[in-house]
Amino acid sequence: MTTLTRNPSSREQNPKRTLLNRKLPGTRSDVRIALFFIAPAMIGFVLFYLVPTVRGIYLSFTEYNILGDPEWIGLENYQAIAKDPLFWNSLAVTGQYVVLNIALQTTLALGLALLMHQVAKSTIIRGALLLPYLMSNVIAALLWFWMLDYQIGVVNQFIEWAGLPRAAFFGSEEWAIPTQALINTWRHMGYTALLIFAGLQSIPGHVYEVAKLDGASAWQTFRKITIPLLRPVLVLVLVVTVIGSFQVFDTVAVTTGGGPVNATRVIQYYIYQRAFTESDFGYGSAIAVILFLILALVAFIQMKFLKGNESDLD
Amino acid sequence: MMKMKATGALAAAAAAVLALSACGSGGGSAEAGKGEISYWLWDANQLPAYQQCADDFTKANPDITVKITQRGWDDYWSTLTNGFVGGTAPDVFTNHLGRYGELAENKQLLAIDDAVAKDKVDLSAYNEGLADLWVGQDGKRYGLPKDWDTIGLFYNKDMLTAAGISEDQMKDLTWNPEDGGSYEKVIAHLTVDKAGKRGDEPGFDKNNVQVYGLGLNGGGDSSGQTEWSYLTNTTGWSHTDKNPWGTHYNYDDPKFQESMQWFAGLADKGYMPKLETTVGASMADTFAAGKSAINAHGSWMIGQYTGYKGIQVGIAPTPVGPEGKRASMFNGLADSIWAGTKKKDASIKWVEYLASSACQDVVASKAVVFPALKASSDKAAAAFQAKGVDVTAFTEHVKNKTTFLYPITDNTAKVKGIMEPAMDAVVSGKAPVSSLTAANEQVNALFK
């Protein structure tokens, strides 16, 4: 806007040129500088996101085994997916995982964040909460895979000492998904807590003072002040963690590999299986596109109904 | 800062373009008979033997060097596929029967018939059937055999003694799908519950088992290589209508389903661990931890089973089936050449060397696997004997011709994708054996 008013004299002299002026000389150099600054991110975005996404969408309409050439088959992949019981199973299994993972993770992270905010002020303790997150997903999964092993895992040894029957944490269809949801909750809650903690710090202290003066209880303060003022951060955290949760893959890949039977054949693992193991890249891409649409919809709903882009502080 | 990032990204992009174009132009003559060739394998246990082969090879052919890369089985095939697409695949690599059909069909493998004829490679010197496995559906040869494996029963000698079962008894086991024969009797007797009661004694508590008579590796997916094929294939059943290159699978055969019913029933009786408890630690490790008395496993595991400290291990042949014969899956590996190699002549020389007695005797002397050449196989058996391991259980399958081939067909990855959950459901008792009929229909639909 400022560029338009920079040169008022020319506007009077030549109204026709000012029209051009509005669009060209003033902004041209800005565009160039802007492009220059945007370029690094743009190159990365185009190379690693846009091109693969567009190609993925194209491949979803083809039959492609990676070693040959893609062959256009229209909507056949999508029609087959609609009738594929394993696809619907993967949606159900993934849904189960996401609900367990997000509910636990967000609740625990909120609790941890409140503790960090009000009780545990030592940097060491706050840092320690983040430790599981610093571990690679695969290492975390394998660590628990061994500790929870039915035959020789330490956890089952403790369970037996406590007089309870051993549990097949990864091997039984009932436990396999909850186990993996818990492992990833353990790994991610510190990081999620840190995000929420940052949100808590942005709530001005005086609102709490006023609440105290009005005689609000701790629970009332939490419900009426903390949660509403934290909402934008919570929504952001939810959008990010839900998307991440839907894409669970590594934990499954290094432990159960989709089994027992189909109990942990989550959507990402099923995509991997179809595309990379069974060389059906067209089919895999089509499921990936569907997942993309689901995630876009979920994120949209979250932003829309939880009003993530508005703050009650204003 | 930003400027540096931008130039950095540009430099990276430029480097990528250079690297891409280098793929297209480099390499020189397509027929090159010298220089460095790359070779991949997946078994770390065999690396020292093949490294020595490579050194000997370079000594005999000073203008060719071989760079060996070992990659774990889990990464091996996806990295290889990426290499085919990206142009960075190795010149020569260890190939598997379950994979090579699809690779040949996608024109990733070099046919070596001319070289084999010209260099007069004696295909009859290999153990019977091994060389034929590597002739594709188009009648062309895509590899020379390097080794083979069969199935045997590893058992814990101390547990046998405690149960009063002699090692001679183990050599004469029989099996049938109705009552399991003497095989089931031995398994039941070797099973011990927490109170010390054996599996065939009254009052045996099948829900609190201390030692299982038979270990379980998994559901066995499409091949059941070490899990059940040594039983199912003694009944006259076979995986496919013909082998290699069958186009019809037989998981709907009542004979097969009856055998699987017996197999899944072992877990029910408490003689074999439930499938859900086997996800995690390997079957061999749980054997070493004293949780099972007998494990059916492949000859490539000899080193691991006999290597555990504090456990005396014996090896018995698989049981004799209802048709009066034993049966073992016969699997073999070969070395293949990538169709996109820039050093065809050197690669052929290396593959022929790998398949020659010069290299296979070296492999035999390390006593890790059985080489494909008959003469070298005998040397390997002697090398195992020198280590104090009697491997007759594995070699007699070959000697007595009681082997059947690993099922070689198209669509093997997809067949496995269907059969893995289906078999898991049956072996874990979650689905009746008759559910295999529906899975079989799905499998056979792939071939239409």
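I started with the radius of gyration of chain B in this predicted model. I then looked up the box filled by the C-alpha atoms of chain B, and along the principal axes the box is roughly 75 × 55 × 50 Å.

Next I checked the make-up of the chain. I found 18 helices and 12 strands in chain B. Buried residues account for 48% of its 448 residues. I also looked at contacts in chain B between residues at least 6 apart in sequence, and 73% of these join residues at least 24 apart.

Then I picked out a pair of helices. How do α17(B) and α18(B) pack? Helix α17 (residues 412–427) and helix α18 (residues 435–445) of chain B meet at an angle of about 175°, and their axes are 10 Å apart. Angles over 145 degrees count as roughly antiparallel, so α17(B) is roughly antiparallel to α18(B). From α17(B), I noted Ile418(B) and Met419(B) among the contact residues, and from α18(B), Leu436(B) and Val443(B) are among them. By class, the residues of this contact are nine nonpolar, two polar and no charged.

Last, I turned to where the chains touch. Chain A and chain B give 29 residues each to the contact. On the side of chain A, α4 (25–59) and α15 (267–277) are the elements that give two or more residues. Helix α4(A) gives the most, with five residues. I sorted that side of chain A by class too, and it has 15 nonpolar, 12 polar and two charged residues.

Technical notes
Residues numbered from 1 in each chain as written. Chains lettered and ligands numbered in written order. Predicted model: local features only at pLDDT ≥ 70, side-chain atom pairs only at ≥ 80, totals over all residues. Helix = DSSP H or I, 4+ residues; strand = E, 2+ residues; numbered from the N terminus. Rg over C-alpha atoms; globule rule 2.2 N^0.38 Å. Buried ≥ 20, exposed ≤ 12 C-beta atoms within 10 Å, placed from the backbone. Contact = placed C-beta atoms within 7 Å. Axes fitted to C-alpha atoms, helices over the stretch in contact; angles between N-to-C directions. Parallel < 35°, antiparallel > 145°, perpendicular 65-115°, else oblique. Nonpolar A, V, L, I, M, F, W, Y, C, P; charged D, E, K, R; others polar.
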